[in-house]
Amino acid sequence: MAADVRVPIESDADIVTARQQGRALAATVGFGNSELTLIATAISEVARNIVEHAGRGEVILSPTEANNSQGIVVVARDQGPGIPNIEQALRDGYSTRGSLGLGLPGARRLMDEFEIASKVGKGTTVTMKKWIHRNLTEFPLRPRR
Amino acid sequence: MKGKGNAIAVREPPAAPATELTRELVAHFRGKKDFLRQQWVEQMTAKSFLAGLTPKETETESITIYDTCVGCLERGEYRAAQSYATSMAERGVLRGMTTEQIIGGLLTLRDVYGRSLFHRYHREMARLSAALDIYEPVANKILSIVALAFIEEREKVVREEREKVVRQQQEAIRELSTPVLQVREHLLVLPIIGTLDSHRARLLTEQLLRSIRANRAKVVIMDITGVPNVDSKVANHLVQTVDACRLLGATVIVTGVAPEIAQTLTTIGVDLGRILTVCDLQGGIEEADRLLGYRVIVTESAGSPSPPAPALER
Amino acid sequence: MQVPILKQGSYLIASVQAALTDADLLDLRDRLAVQVGVYRSRGVVVDVTVLDVMDSFATRMLRSIAQILRLRGAETVIVGMQPDVAFAMVQLGLRLEGVSTALDLEEGLELLRRREKGGSNHGR
Ligand SMILES: Nc1ncnc2c1ncn2[C@@H]1O[C@H](COP(=O)(O)OP(=O)(O)OP(=O)(O)O)[C@@H](O)[C@H]1O
Ligand SMILES: [Mg+2]
């Protein structure tokens, strides 16, 4: 299994690095092309939130495995101002910067699992996962292990 | 399956440190290695267990198996046999070897070892019996390890084969259920039939987007006459598909919105304002032609009894 | 990497060559705004064929480019969007409202020509 990748996020150029690294790692895990694009786009959003709302932080990318399927975990972490109301931040169109407010809710739609842990004044950690062939695991003919 | 080799109960070999007799047996098998191994290979050849192996492969495989078995006897533990069995099973199955070849080969080796013990000890019955007490459980254990490894490998191959078939079938069903038809240059028609869940909507959109690029389509007609229930979720999928097509430069016309569906959509407040809808497929094609810059002209061929056929002209 | 801007007749073509940072996009917007005036261009094609990600910032930038250029008298057409990218964009919830799109450079230029002649509104 490929090793974890850590990308420090400090400027807009790091956003590009993070999503390119994420795409590369996801490709080695075995994702198809259209999923690679979804993953890279979601990474771009959470990495940009670090630059825009927290100033600096990091994105950690790692392969994962559960119930016989392979996947990727993306952790975007910062020690910025934190998010006071996570539910609100996850709403389409909510932005404290007059932006589109689609980054967080959009990234959630692109991935299979999405979690935010945030403390005001302490920082924010977004953890997202995507799995390969999620629909196949629900298929009855698949042998149970 | 975990804990390979535990499923078949076999007499456990003595766990105690190697006795003097064990050491003697090990020395015996090592000393007679070339002779016994040769005998084993000859017998296997006679039973055609070696079909498909080159002489070189036979040589290296038989040496490894021989040494592994003696090593198990010497150390009283089976990790080496276990890992070798697994790799052998993988290679054997992949190369189409039969159960008979693999198990039969090992039974032959067991007999070769056994016979050589008879030869050596047949004058001292008590010692022969003690030697067999040490040797037999080890031979059985190795056999069960190999048999299990082989069966597991078989199951794995069958399972993978089955999963592959299932995947192919799913793929085929997907293709069939969402045909993208090219009606004429730059125009695609996508008749959607059946329920539209998010998984299918996604496949359909991906397929449609690729077709737009491949066929250089400028207009797409999405006919939803065959979609039984259009709720807000389905409507949102449709809106997304339309938006995605537009990003590639194609205009989408939705046709076949039944009266009840139109009513539901307005009641649940789905915003279809951005979507160009036309009553039925025929109307949709006419609208598409208009967008593409075609003109429908009616040819009045004199004396023709049949209704005039519309012809297209750019 | 700076996006090269080429002049072709009364149109400008901005042809993206590699992944774009936010700064690259801002730079593209500013240069297009100037050059449309310099060349009195009536239309601009932005070719995004090589882009493998279009996130919220890039989308916002393209929309703002189109709005600014319209105020400067030029139409903007985005061409070459990859199917996977389009799919990810709509999943994210992004749309290019008020921006024209076309399949590729050729179609994009064709669209601009037709617009100028006041022809079919197709592609909007
Ligand atoms: N890492 C973060 N640290 C602090 N606040 C954050 C962080 N990420 C998001 N937020 C808050 O959550 C809000 C919603 O984030 P989201 O990414 O959805 O929208 P946005 O960044 O404002 O706009 P867009 O991403 O569409 O350009 C932000 O406006 C911001 O207030
Ligand atoms: Mg954001």
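How many salt bridges does the rule find across the interface of chain A and chain C? The rule, which asks for a side-chain nitrogen of Lys or Arg within 4 Å of a carboxyl oxygen of Asp or Glu, finds four. The legends below describe a predicted model, in which local features need pLDDT of at least 70, side-chain atom pairs count only at pLDDT 80 or more, and totals for chains, interfaces and linings use all residues. Residues are numbered from 1 along each chain as its sequence is written, chains are lettered from A and ligands numbered from 1 in the order in which they are written, and side-chain values use heavy atoms, with hydrogens and water left out.

**View 1. Overall organisation of chain A.** Chain A contains five helices and five strands, where helices (H or I, at least four residues) and strands (E, at least two) are DSSP runs numbered from the N terminus. Their order along the sequence is β-α-α-β-β-α-α-β-β-α. Of the 145 residues in chain A, 49% are buried; buried means under 20% relative accessible area, exposed over 50%, and partly exposed in between (1.4 Å probe, protein chains only). The accessible surface of chain A is about 7,100 Å², and carbon and sulfur atoms account for 45% of this surface; the areas come from the Shrake-Rupley method with a 1.4 Å probe, and for residues only the protein chains shown count as cover. When contacts in chain A (heavy atoms within 4.5 Å) are taken between residues at least 6 apart in sequence, 59% join residues at least 24 apart.

**View 2. The interface of chain A and chain C.** The size of an interface is often given as the accessible area lost when the parts come together. Here the buried area, meaning the accessible area (1.4 Å probe) that two parts lose on being put together, summed over both, is about 1,900 Å², with 56% from carbon and sulfur atoms. Asp12(A), Arg48(A) and Leu100(A) supply 25% of the area that chain A buries against chain C, more than any other three residues. The contact involves 24 residues of chain A and 21 residues of chain C.

**View 3. The side of chain A that touches chain C.** Between chain A and chain C, 11 residue pairs are in polar contact, both residues being at pLDDT 80 or more. A polar contact is a pair of N or O atoms within 3.5 Å; within protein, one must be able to donate a hydrogen and the other to accept it, and residues adjacent in sequence count only if both atoms are side-chain atoms. On this side, α1 (12–29), α2 (33–54) and α4 (103–110) of chain A each supply at least two residues. The most comes from α2(A), with 10 residues. By class, the residues of this side are nine nonpolar, eight polar and seven charged; Ala, Val, Leu, Ile, Met, Phe, Trp, Tyr, Cys and Pro count as nonpolar, Asp, Glu, Lys and Arg as charged, and the others, Gly among them, as polar.

**View 4. Salt bridge between Arg19(A) and Asp55(C).** The side chains of Asp55(C) and Arg19(A) meet in a salt bridge, with an N to O distance of 3.7 Å. Asp55(C) lies in the loop between β3 (43–47) and α2 (56–71) of chain C, whereas Arg19(A) lies in helix α1 of chain A, so the pair joins two chains. Asp55(C) counts as buried at 2% relative accessibility, and Arg19(A) is buried with a relative accessible area of 8%.

**View 5. Salt bridge between Arg48(A) and Asp22(C).** The side chains of Asp22(C) and Arg48(A) form a salt bridge at 2.3 Å, N to O. This pair crosses between chains, from helix α1 (residues 22–39) of chain C, which holds Asp22(C), to helix α2 of chain A, which holds Arg48(A). Both Asp22(C) and Arg48(A) are buried.

**View 6. Salt bridge within chain B.** Lys33(B) and Asp67(B) form a salt bridge in which the closest N and O atoms are 3.1 Å apart. The pair links distant parts of the chain, 34 residues apart: Lys33(B) is in helix α2 (residues 33–46) and Asp67(B) in helix α3 (residues 55–75) of chain B. Lys33(B) is partly exposed, with a relative accessible area of 22%, and Asp67(B) is partly exposed at 35%.

**View 7. Surroundings of Ser62(B).** Ser62(B) lies in helix α3 of chain B and counts as buried at 3% relative accessibility. Its side chain joins that of Arg37(B) in a polar contact of 3.0 Å. The side chain of Ser62(B) also reaches the backbone oxygen of Thr58(B) at 2.8 Å. Leaving aside residues up to four places away in sequence, Ser62(B) touches Arg37(B), Trp40(B), Val41(B) and Glu57(B).
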